[in-house]
Number of protein chains: 4
Amino acid sequence: MVVAMEPGATEDQVAAVIARLQELKFDVHRSTGATRTVIGAIGDTSAIETEMFEVMPGVAEVVRISVPYKLASRMFKQEDTVVRVGDVAIGGTQLVIMAGPCAVESLDQTRTIAERVAKAGAKVLRGGAFKPRTSPYSFAGLGEQGLEILRSVADEFGLKVVTEAMDRTHIELVEQYGHILQVGARNMQNFSFLRELGKCRMPILLKRGMSATYEEWLMAAEYVISGGNDNVILCERGIRTFETYTRNTMDIAAIPVVKKLSHLPIIADPSQGTGRREKVAPMARAAVAAGADGLIIEVHHDPDRALSDGAQSIWPDQFEVLMAQLRQIVPVLGRTI
Amino acid sequence: MVVAMEPGATEDQVAAVIARLQELKFDVHRSTGATRTVIGAIGDTSAIETEMFEVMPGVAEVVRISVPYKLASRMFKQEDTVVRVGDVAIGGTQLVIMAGPCAVESLDQTRTIAERVAKAGAKVLRGGAFKPRTSPYSFAGLGEQGLEILRSVADEFGLKVVTEAMDRTHIELVEQYGHILQVGARNMQNFSFLRELGKCRMPILLKRGMSATYEEWLMAAEYVISGGNDNVILCERGIRTFETYTRNTMDIAAIPVVKKLSHLPIIADPSQGTGRREKVAPMARAAVAAGADGLIIEVHHDPDRALSDGAQSIWPDQFEVLMAQLRQIVPVLGRTI
Amino acid sequence: MVVAMEPGATEDQVAAVIARLQELKFDVHRSTGATRTVIGAIGDTSAIETEMFEVMPGVAEVVRISVPYKLASRMFKQEDTVVRVGDVAIGGTQLVIMAGPCAVESLDQTRTIAERVAKAGAKVLRGGAFKPRTSPYSFAGLGEQGLEILRSVADEFGLKVVTEAMDRTHIELVEQYGHILQVGARNMQNFSFLRELGKCRMPILLKRGMSATYEEWLMAAEYVISGGNDNVILCERGIRTFETYTRNTMDIAAIPVVKKLSHLPIIADPSQGTGRREKVAPMARAAVAAGADGLIIEVHHDPDRALSDGAQSIWPDQFEVLMAQLRQIVPVLGRTI
Amino acid sequence: MVVAMEPGATEDQVAAVIARLQELKFDVHRSTGATRTVIGAIGDTSAIETEMFEVMPGVAEVVRISVPYKLASRMFKQEDTVVRVGDVAIGGTQLVIMAGPCAVESLDQTRTIAERVAKAGAKVLRGGAFKPRTSPYSFAGLGEQGLEILRSVADEFGLKVVTEAMDRTHIELVEQYGHILQVGARNMQNFSFLRELGKCRMPILLKRGMSATYEEWLMAAEYVISGGNDNVILCERGIRTFETYTRNTMDIAAIPVVKKLSHLPIIADPSQGTGRREKVAPMARAAVAAGADGLIIEVHHDPDRALSDGAQSIWPDQFEVLMAQLRQIVPVLGRTI
């Protein structure tokens, strides 16, 4: 951490900063220049609030040099993390496609969709049994019954299951029926929940919060990893911007940036990311071209009657066309599908 | 809801939209203009996703005329809601000041601060026993012990207690020791938690999410009210913008706007809202001048050594000066303090 | 335009809205429902401010059904606009690559770079002679001398020239030396300048403003087209978001969305869009995979010593690798390069 | 400037950074810690791009310690700048109110409004003769005729004139008829224009760009001051956020923050800042309570028929009530009105 004093800072002000740093057990290096004094603090700053120093008299600026996440950082672990779920490996050379309905509505619906996406090359079946809804009056999912359907259908077609848990009371059920536990964007900074997930033994799909920075996202992953669960998959699902035409604005650059900052695999969700059916395929292609390790896509055989998010679900036929396009693109990245 | 068709929309496309609306039990009014057809749907659209219609062929735009919240709206209830906690009334003519440390650290610390803020005119003691922290390595609060301290000190100085619960496992404890349960910004869309709070019998202080729109904020209040708990106090605590000099950007206009849209009382948090001690007083004055029903302010007798958010805590002396300024401003609003 | 009255609106309030609409020469349709009255206004609303009606007593909401741009809209012109500059066609089946230094620094520098990008397949040479700089103390470009260098080098290697004009005093010079006139992001709503460009006879490359919506961007294009110049190429160059790791956040979804809303060609600028050299190639691939008609890329043979934006300029070797990757991707889009 | 190397940076990488800094004439201080090397560079970094160093191999982070603006900074000039226009002093103890119509529409309209605002205590008459409009089809102002009206009316009622120039061709006219030249938000980074204004001899009212940071805003002021014109008044007029209910989100905290960073006076525009008539008074009170040096307010005697921005113009009666409220608030700030 570097504390830059103002040009006119007094010797007493400098001494107060140094004293405070020493009280916090930092190694202090003072550099007195022609116009200003700069103080370097060596030690673990990850639990320090830089604002505490910013408001001290005579301080011009405080900069934390090291990032506050450790276990999630590329610096801590050089090689890519590959999350394995049976024979599916996320973060390796194979592009992993997760697909299925937004919400599990019935056995028939789930079977119809799962059969098509499995045939087209998906490896993981997605589907919500617990649905976070902005309105208390909206369909909130089938609960355990939905999980049962999801698992039995997945098993039938040789797929793994990814599904959302909304709070700690859902964890046990998702562990029982699923393979990957999804954390929704609105829960990315639900710290109590993240701590519970650290104790969980299944891979976590951690969606980016809708206005989260990369650092906050990786700090959320740090919560899970520091709790003892290394198997975190990040998922870019669009951020909020001024533009309201699309539901969210996909930050495709997050993919190569986060792969540099962290060793964790990262996938993209072009369905939530755009909110519009006809934009799903272009953004899926873009995410893969930028280096995503996988995709999670909402597919519905009758999206106009979907109980949730029908507008962003693509038809099984569209999914097949997209898969064919992705097969053409992945060799550029040195990947298979 | 109004569905505007594109100028070149075919009769079949129009018929499909009408059929879909009727299937959802709407009363449909068709208006065929010179260049385009506009379809009005009368009925309860609060659980409808407008996106579902936006992607239908031939549709140009879909507009939900009514707001999706009902019980939280001014339309539903004309007169102001006044939340009463003993002899303290939030949303009435008196400006209610809540003050205290960011986190409860010890009995001594809490007593020292509570005595000063009570003497200066605060009616409610704030203080966190469960602290949401972006880093898993930061101080996370004293838990139940903190609640005990908070309540005993509040009782000593004739104050009420407002304190945060982070998840459902904290509710019972907060009910036992506190008077107002605070929901943090990061939990504003934790829908499972909001449902639990609807069953709770104590007033809820609902902080605005850091990138939430007014509609989303009021929908969060709707979750609580629709669950059976009418006593919701809204709290503007700053939103995220591009500017990083301040921790958040206080949206002071939220105060008069939300008071028009909703009957719920609204207070402001200039400590979280700015993140900087010397900006707390100007923003507190601004919030009151714009019509806030109250303020929640972090005060610390030794902020440089605060275990959490010291940089945004003001000194007891500064709090007294601010209270004197507010006493001069409130008559303009027809209020007392 | 649709004006929805509040449920309790009086007959006088409804009459006032209708009278105001008729005064503005609209055809008015009134629809009186069980709970509220909705008024439809048929006519040209492009010069109307909806806010004017929003503040009238009894009005709940006002919605402009039609978009305010006309000549730039897909509705006005169904087929894609192809902008031709000699034998280069932007918006056709060929992906057009524009490349070169951020700023023209010298003849040698420009020649060295132009030779490499031409050889690798670029068709247009980019380079700034007038540079908008946030600091008044930064290098602001070589002016006319820069334009001379740019054109002579472009001619030598069979390239066209795209270069920025910052205000009306530059237009004549850019017309003399260039083929495409670039409007920078900060000038996207410089309305005086846009009016002048409408009178100009050369194609305009219109960069998106850093916080502009799609509608504002297309309204800027509308200014140019309504002034008489149809040859507008849109350029997505990243928007401002909370994330500061990248200079801007590229909104890749803008590409398929704007292609649907408008007939104008759209290209992407991954250099400005990311501000970081190692992110240029992934984002260039993403933009092409999402359907961009072209790219504009900063290339420098000695970026560490570039006088402007060296950090986001790629090496000629990197440009060659990228071109090879793009050649593999474009067949998916039915394009050549 | 501080360049922090990555923990594993090689000696060659460190040497390369130092060599580059020395090439740029910086004084270099090296500090080799247990885990990483930090390099301090002393000298004028205002024209340096930190990104240039960020992409060098082995570099973890680069931080510019000093702000890039000089002449606009409080560090350069400790005492407040007071801009004087005849007997009106902006930035002194008197709160200065500027009021008038959004656009000058006619002599009658301007006279009617000016008489009322002068009587209520305004010192400066506002009114646009050149109007930046998002649509090329909207009313764009009366031009020179508007300026003539504005000045003759202002003289009649003893007011000064503030009015907008949109580009360099308007400067001479505004100098002829006005007292303060207004730069609109969309022109805040029109660098050619700012350079011209530096040569101008009249005070400049510089509106904040709609997504500008404080630093960018002060850099725009730096352009004007470094060109030779010290008389810059800053104006907060709202920034763009996700919330669309209000036209913009007023950043009231900008007032105390900018007053700390800079010596320039700062006023607020609650009309543009909210876009809604009934929110103008609360936000005007808030801005004054937070320490603004003045206000600029749109007033219209028949806002429903205003040719521009009628929805955000208040009635003369409302203006009088507001002035009475402000007279009650200003003593808290040690001001008069």
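# Briefing: chain fold, nonpolar core and chain contacts

The largest nonpolar core has 390 residues, and those with the most contacts inside it are Ile252(A), Ile252(B), Ile252(C) and Ile252(D). The model is predicted. Chain C touches chain A with 30 residues from each chain, and chain C touches chain B with 17 residues from each chain.

**Chain A**

- Chain A contains 11 helices and 14 strands.
- The C-alpha trace of chain A spans about 75 × 45 × 40 Å along its principal axes.
- Chain A has 337 residues, of which 58% count as buried.
- Contacts in chain A between residues at least 6 apart in sequence include 66% that join residues at least 24 apart.
- The domain assignment divides chain A into domain 1 (2–63) and domain 2 (83–333).
- A distance of 44 Å separates the C-alpha centres of domain 1 of chain A and domain 2 of chain A.

**Ile252(A) in the core**

- Ile252(A) is among the residues with the most contacts inside the largest nonpolar core.
- With neighbours within four places in sequence left aside, Ile252(A) contacts Ala286(A), Ala287(A) and Ala290(A) in chain A.
- Ile252(A) also contacts Met250(C), Ile252(C), Met283(C) and Ala286(C) in chain C.

**Chain C against chain A**

- The same surface serves both copies, since 100% of the contact residues of chain C recur in chain A.
- The contact draws on 30 residues of chain C and 30 residues of chain A.
- On the side of chain C that touches chain A, at least two residues each come from α8 (254–261), α10 (277–289) and α11 (316–329) of chain C.
- α10(C) gives the largest share of that side, six residues.
- By residue class, the side of chain C that touches chain A has 17 nonpolar, nine polar and four charged residues.

**Chain C against chain B**

- Chain C and chain B each bring 17 residues to their contact.
- Two or more residues of the side of chain C that touches chain B come from each of β1 (2–5), β2 (27–32), β3 (37–42) and β4 (59–63) of chain C.
- That side of chain C is made up of 11 nonpolar, four polar and two charged residues.

**Gly121(D)**

- Gly121(D) lies in the loop between α3 (107–120) and β8 (124–126) of chain D.
- Gly121(D) has 16 other C-beta atoms within 10 Å, so it is partly exposed.
- Not counting residues up to four places away in sequence, Gly121(D) touches Ile97(D), Met323(D) and Ile337(D).
- Gly121(D) and Glu156(D) are 35 residues apart in sequence, and their C-alpha atoms are 15 Å apart in space.

Technical notes
Residues are numbered from 1 along each chain as its sequence is written. Chains are lettered from A and ligands numbered from 1 in the order in which they are written. This is a predicted model: local features need pLDDT of at least 70, side-chain atom pairs count only at pLDDT 80 or more; totals for chains, interfaces and linings use all residues. Two residues are in contact if their C-beta atoms, placed from the backbone, lie within 7 Å. Helices (H or I, at least four residues) and strands (E, at least two) are DSSP runs, numbered from the N terminus. Ala, Val, Leu, Ile, Met, Phe, Trp, Tyr, Cys and Pro count as nonpolar, Asp, Glu, Lys and Arg as charged, and the others, Gly among them, as polar. Domain bounds come from an automatic or database domain assignment. A nonpolar core is a set of buried Ala, Val, Leu, Ile, Met, Phe, Trp, Tyr and Cys residues joined through C-beta atoms within 7 Å. A residue is buried if 20 or more other C-beta atoms lie within 10 Å of its own, exposed if 12 or fewer, and partly exposed in between; C-beta atoms are placed from the backbone.
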